[in-house]
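Work through the following exercises with the coordinates open, and settle on your own reading before turning to each solution.

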Amino acid sequence: MRLKKLPFKEGKLNVDIENEDMPFVVVYCQGEAKLTYLPDHGETKVITHQGRVKRVKFDEGEEF
């Protein structure tokens with residue numbers, strides 16, 4: 001599973017970006033936060049339904 005749960009307390013989210021060398025995105029919905037890394041070549045889509053995150057889709061490619 002690509003999405004990793006991010007724990008947070010008292011409404012504060014802490015993400016350590018010093019040790020990250022890849023681009024990433026944090027998605028938050030209904031009291032739950034998840035982190036995923038972006039692919040080298042491709043698209044990452046956040047799909048919503050009725051104001052809630054339904055899924056995160058990855059469309060990856062590779063240079064020829």
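The exercises below concern a predicted model, and each is followed by a worked solution.

**Exercise 1.** Determine the strand order of the open sheet of 3 strands, and explain why one side of each edge strand is left without a neighbour.

*Solution.* Begin with the order, which is β1-β5-β4 with antiparallel pairing. From this order, β1 (4-6) and β4 stand at the edges, and because each has a single partner strand, one side of each is left without a neighbour in the sheet. The twist from one strand to the next averages 35°. To check the pairing of β1 with β5, count the bridges between these antiparallel strands, which come to 3, and note that L6 has A33 in β5 as its bridge partner.

**Exercise 2.** Characterise the largest pocket by its volume, by the class of its lining residues and by the element that gives the largest share of the lining.

*Solution.* The space in the largest pocket is about 190 Å³. Its lining includes L3, Y28, E32 and R55, and two or more residues come from each of β4 (24-29), β5 (32-37) and β7. Of these elements, β7 gives the largest share, with 4 residues. Sorted by class, the lining has 6 nonpolar, 1 polar and 4 charged residues.

Technical notes. Residues are numbered from 1 along each chain as its sequence is written. This is a predicted model: local features need pLDDT of at least 70, side-chain atom pairs count only at pLDDT 80 or more; totals for chains, interfaces and linings use all residues. Side-chain values use heavy atoms; hydrogens and water are left out. On a 1 Å grid over the protein atoms alone, a cavity is a set of points where a 1.4 Å probe fits but cannot get out, and a pocket is an open set with protein on both sides within 12 Å along at least five of seven lines; lining residues have an atom within 4 Å of a point. Grid points are joined across faces, edges and corners, and a volume is the space filled by probe spheres set on the points. Ala, Val, Leu, Ile, Met, Phe, Trp, Tyr, Cys and Pro count as nonpolar, Asp, Glu, Lys and Arg as charged, and the others, Gly among them, as polar. Two strands pair if DSSP finds at least two bridges between them. Axes are lines fitted to C-alpha atoms, for helices over the stretch in contact, and angles run from 0 to 180 degrees between N-to-C directions.
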